[in-house]
Every structure is written in structure tokens, then in C-alpha cells.
Amino acid sequence: MLFRSGLSIDSLNVSVKYHASRHLSIRNGGEMIHTNDGEHFYKPDSKNYPGLSPLPISPNMLLSNEEISNLIDVGKERGISVGAWSVFLHDEHFGKSNPGTFVTNVFGQSLKPNLCPTNELVQTYLKGHIKDLVNLGFSHICFESIAYSGFRHGDHHERFFFDLSLTTDFLLSLCFCAYCQKQSIAFNVDFDNLKTSLGHRLIAVLTSQDHWKDKPLSMELIVDEFGDEMRKFLESQIGR
């Protein structure tokens, strides 16, 4: 398969799970398909999600699993490796169906559709999703949204109309859900005290002046500002 420029294509990625979006479906007579955050475009295999209920949904299955298999086979015949592209931790349906799985900021606010990677249900879900893609025969997987997202990257890339420093953005994106609390306590973090003090500091920054604007975000800066308790908390996030 060649472009006129002479450049060849030897690999492509098929979107199997994506952000909320609109698709103009030519095959369906120009129907406009509206998808939800994290919606699957294939049929998940229930065997890959032991103990998980409800299972991931695929109301807008753009390609059947058989069509995906055929596409992969055609790609091989033409020397093109076909991979899967997925937004792993963006999934509003899963979060709503499994309360407590969305990332929760220091103020107790849900940062949907971002799922918390430390949550055991989320981990079961991600492992099942990967098994689905491997079993479908994709040659590789393109991982998107597999870790914590920055605060600015939310439902639909919101505009805040005020300038956040990288440090403030980072602190607002930290997760304080029940699972993160459990993990941090295992690292001997005084979770309640850290959460309270961080909340007070961030309110002061948001209502007055962000004095971190001209300072590069670094572990040293965070620890200098919030002490050893914050270092242990961040290590608990990395450690999981």
C-alpha cells in the first residue's frame, strides 16, 4: 500500500475504546453515532473479567470481532501489522456502574471519567481488556490514558479561564479515594492530616495567588512545600 510520495504503510492502529466522540457512519446511511467515554467498539469476552459485574458495554460496536479478525488477516497478507488503540482509564460507564472507582481529588470531587489505577476492580477490568485485545489477534497495543491524568485533562479538556502552575495542576490531580487511602496508610502516611493541610493550601492558592507559577514542578519542590508526609504519599502512588 503506497502513497504517491512513495512512503509505505506497514502498521496501523484500530480504535477499540475511545473518548466521547461523534462518528459519521457512511455504512449506516450517514447516521451520526455519539459514543460515551471509554465505550468499546468490539464485543468483550466475559471470560476475561472474572467476578466483574456489570461487564463492559459495547452499544456502538463499529466492527464485529469477526470483522476485526478478518482485518488483521488482510493486514498480514499485505505486510501491515494491525494494532489496537485504547483509552484505558477513561470510562464513564464503568465508573458509574462501580461506585468509588473514579479518581477523587483532595476536595472529595470525582474526576470522571478517569478511573483510579489502584482500585482492584479497575485492575481486573484493565487485565480483562488487555486479554480481549491479545485474543483478538492484534500485533501490538497502543496504550492511552493508562496512568493518572493531569487536572486540566478531564471530561472534555475544560477551559478554566485562569492560569494554573504545573505544581497546582499536579496537586489537584492527586487521588484521595478510599483505595488510595488504604495504599498510603500501608506506607505509614498520616492520610487525614495530609489531605486536610493540602486542601487548605490549595484553597489559598486558588483564591489569592499561585506562587508556584515561575517554579518548575519537581519532587524536591513538593517535598519542600509539604514535607516528608507528602513524599511518602507520592511513593505510595508510585509503589502500587
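Colleague: What makes N119 the cap at the N-terminal end of α3?

Modeller: A side-chain oxygen of N119 lies 2.8 Å from the backbone nitrogen of L121. A polar contact is a pair of N or O atoms within 3.5 Å; within protein, one must be able to donate a hydrogen and the other to accept it, and residues adjacent in sequence count only if both atoms are side-chain atoms. This is a predicted model, in which local features need pLDDT of at least 70 and side-chain atom pairs pLDDT 80 or more, while totals for chains, interfaces and linings use all residues. Residues are numbered from 1 along each chain as its sequence is written, and side-chain values use heavy atoms, leaving out hydrogens and water.

Colleague: Why is α3 called a helix, and how do you know that its span agrees?

Modeller: Helices are DSSP runs of H or I with at least four residues, and strands are runs of E with at least two, numbered from the N terminus. Helix α3 has 17 residues, 120-136.

Colleague: Which residues of α3 are called buried, and which exposed?

Modeller: Buried means under 20% relative accessible area, exposed over 50%, and partly exposed in between (1.4 Å probe, protein chains only). In α3, V122, Y125, L126, G128, H129, D132, L133 and L136 are buried. They cover an arc of only 160° around the axis, which puts them on the same side of α3; the arc is that of the directions from the helix axis to the C-beta atoms. The face turned away from that side carries the exposed residues K127, V134 and N135.

Colleague: How do you know whether F107 is buried, exposed or partly exposed?

Modeller: At 32% relative accessibility, F107 counts as partly exposed. F107 sits in the loop between β6 (102-104) and β7 (110-115).

Note on methods
Expected span 1.5 Å × (residues − 1).
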